[in-house]
Amino acid sequence: MLNESELRALDRFCDRYSVANRSRLIRETLMKAILKKMENDQPTLFD
């Protein structure tokens with residue numbers, strides 16, 4: 001899923017910010033990005 005440099009960056013982030021659950025961090029971050037993109041892509045009345 002992640003290449004070596006991405007994994008190292010994730011490890012550094014988790015160590016620096018004391019993230020205990022990496023799976024939760026990835027899942028929540030991914031879902032926030034997806035929901036924001038979907039919200040921004042919704043058609044509006046005046047488009």
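Which side chains meet in a salt bridge at 3.7 Å, N to O? I found that Asp-41 and Lys-37 form this pair.

**Entry 1: basis.** I worked on a predicted model, in which local features need pLDDT of at least 70, side-chain atom pairs count only at pLDDT 80 or more, and totals for chains, interfaces and linings use all residues. Residues are numbered from 1 along each chain as its sequence is written, and side-chain values use heavy atoms, with hydrogens and water left out.

**Entry 2: salt bridges.** I searched the whole structure and recorded three salt bridges. The term requires a side-chain nitrogen of Lys or Arg within 4 Å of a carboxyl oxygen of Asp or Glu.

I returned to Asp-41 and Lys-37, which lie four residues apart in helix α2 and are therefore separated by about one helical turn. Helices are DSSP runs of H or I with at least four residues, numbered from the N terminus. Lys-37 counts as exposed, because its relative accessibility is 51%. For accessibility I used these classes: buried is under 20% relative accessible area, exposed is over 50%, and partly exposed is in between, with a 1.4 Å probe and protein chains only.

I next looked up Glu-28, which forms a salt bridge with Arg-24; their closest N and O atoms are 2.8 Å apart. Glu-28 and Arg-24 are also separated by about one helical turn, because they stand four residues apart in helix α2. Glu-28 is partly exposed at 35% relative accessibility, and Arg-24 is partly exposed at 46%.

Entry 3: I noted a salt bridge between Asp-11 and Arg-22, with the closest N and O atoms 2.3 Å apart. This pair links distant parts of the chain, since Asp-11 belongs to helix α1 and Arg-22 to helix α2, 11 residues apart. I recorded Asp-11 as partly exposed at 29% relative accessibility and Arg-22 as partly exposed at 35%.

**Entry 4: helix packing.** How do the axes of α1 and α2 cross? I read a crossing angle of roughly 110° for helix α1 (residues 4-16) and helix α2 (residues 22-41), whose axes come within 11 Å. The two helices are therefore roughly perpendicular to each other, a class that covers 65 to 115 degrees. Axes are lines fitted to C-alpha atoms, for helices over the stretch in contact, and angles run from 0 to 180 degrees between N-to-C directions.

I listed the contact residues, with contact meaning heavy atoms within 4.5 Å: Leu-7, Leu-10, Asp-11, Phe-13 and Cys-14 of α1, and Arg-22, Leu-25 and Ile-26 of α2.

Conventions
Angles under 35 degrees count as roughly parallel, over 145 as roughly antiparallel, 65 to 115 as roughly perpendicular and the rest as oblique.
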